[in-house]
Amino acid sequence: MPLFARKSSKNASDHSDISQESKRSSMSSGPTLHNNNSNHSNNNNNNNELDKKPPLIFHCQLAHGSPTGLITGFASVRELYKKIAECFDMSEDDILFCTLNSHKVDMTRLLGGQIGLDDFIFAHRKGRPKEIEIVKTQDALGLTITDNGAGYAFIKRIKEDSIIDRIEHIAVGDHIEKLNGLNMVGKRHYEVARMLKDIATGETFTLRLVEPIRSGFQGIGPRSQSRASSSGGGGNAGRNYGSGKETLRFKANGNAQIEPKFDEATSAGVEAINNLLESFMGINDTELASQIWDLGDNKSNSMDFAEAIDNSDLESFGFTDDFIIELWGAITDARRKSK
């Protein structure tokens, strides 16, 4: 008998839109590229009030080396990629993922469901493709998969001494382009993880991966300190990117808003939920974990929490009752520890 009853819900929809709320001054140590194409016509209904305020401006570089670009006028994660592509005169399909405040392939700095108002964006471009044949000798491959919010699933973590860890040509950051010849572009991380999990033990399968470009300038990136700052220079000299106290948070309802960075309870809860997503589903997604936390934050029992999930776009994930109980436990534990 199930632990609680769950209602059926509406069809899911996937949103991650951004509202323009404040203006930031520019600073770069080299040439600056501008992206001024800021057509918001599709979002006027949701953002009329916010559009009256100056737009947010984010600094961006290509991770393997480029001048600094100024990115603005985007209303979703997909549009952010489009604006970056326009700024650097390339195809948006060439962008695998973005990291914040580091040009390295560092999954702890992956751009997900939020961007700090002082964050510096690095776009990682497609590098060389590679095709690898793998024998599934164990039930678990040892992969954690995430996606970029724009149709590309990629490897976020590799478990030590796993099947994948023993294959030297597979690395964190590799985009999973095809599985046994089937195109994975456009699929969410949980769909790709499910397909890999469904491969029978003992079966041989083929992955086509695309790695990010890793070579290039090693000295690029925002300057967190400078002689000007240490000697009391004014303006933007020595600006410490990523140190701000506010973040632009992408909301599941299609809007975004500026909020304080997560408090202790929220950070602990989101981390615990992400660990459960990884254990149960083989995915890592801070945006998804944050959305689950938000749904449970004001709930007093697991039944209301389950109903909230079923009445949201998370219903399409098909979470089991047992998994809902695990998620609820993570939320209540985080609340308790913060008191």
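These questions and answers explain the terms used for a predicted model.

Residues are numbered from 1 along each chain as its sequence is written, and side-chain values use heavy atoms, with hydrogens and water left out. In this predicted model local features need pLDDT of at least 70 and side-chain atom pairs count only at pLDDT 80 or more, while totals for chains, interfaces and linings use all residues.

Q: Why is methionine 107 called buried?
A: Buried means under 20% relative accessible area, exposed means over 50%, and partly exposed lies in between (1.4 Å probe, protein chains only). Methionine 107 has 8%, so methionine 107 is buried.

Q: Where is methionine 107 placed?
A: Methionine 107 is in the loop between strand S4 (95–100) and strand S5 (114–116). Helices (H or I, at least four residues) and strands (E, at least two) are DSSP runs, numbered from the N terminus.

Q: What is methionine 107 in contact with, leaving aside its neighbours within four places in sequence?
A: Contact means heavy atoms within 4.5 Å. The partners are Phe97, Phe154, Ile155, Lys156, Val172 and Gly173. Isoleucine 155 is 48 residues away from methionine 107 in sequence, and the two are 9.2 Å apart in space, C-alpha to C-alpha.

Q: What makes arginine 188 and aspartate 147 a salt bridge?
A: A salt bridge is a side-chain nitrogen of Lys or Arg within 4 Å of a carboxyl oxygen of Asp or Glu. The closest N and O atoms of arginine 188 and aspartate 147 are 2.7 Å apart, so the pair meets that rule. The pair links distant parts of the chain, 41 residues apart: arginine 188 is in the loop between strand S10 (182–183) and helix H3 (189–197), and aspartate 147 is in strand S7 (residues 143–147).

Q: How many salt bridges does this rule give?
A: The count comes to 12.

Q: Why is arginine 188 called partly exposed, and what is aspartate 147 called?
A: Arginine 188 has 23% relative accessibility, between the two cut-offs, so arginine 188 counts as partly exposed. Aspartate 147 has 10%, so aspartate 147 counts as buried.

Q: How do you know that aspartate 285 and arginine 188 meet in a salt bridge?
A: Their N to O distance is 3.4 Å, within the 4 Å limit, so the pair qualifies. Aspartate 285 lies in the loop between H5 and helix H6 (286–297), 97 residues from arginine 188. Aspartate 285 is buried, with a relative accessible area of 8%.

Q: What makes arginine 157 and glutamate 278 a salt bridge?
A: The N to O distance is 2.4 Å, within 4 Å, so the two side chains form one. This pair also links distant parts of the chain: arginine 157 is in strand S8 (residues 153–158) and glutamate 278 in helix H5 (residues 264–281), 121 residues apart. Arginine 157 is partly exposed, at 36%.

Q: Is asparagine 274 buried or exposed?
A: The relative accessible area is 7%, so asparagine 274 is buried. Asparagine 274 is in helix H5. Leaving aside neighbours within four places in sequence, asparagine 274 is in contact with Ile283, Asn284, Asp285, Thr286 and Ala289.

Q: Why is lysine 197 called exposed?
A: Lysine 197 has 56% relative accessibility, over the 50% cut-off, so lysine 197 counts as exposed. Lysine 197 is found in helix H3. Not counting residues up to four places away in sequence, lysine 197 touches Lys136 and Phe280.
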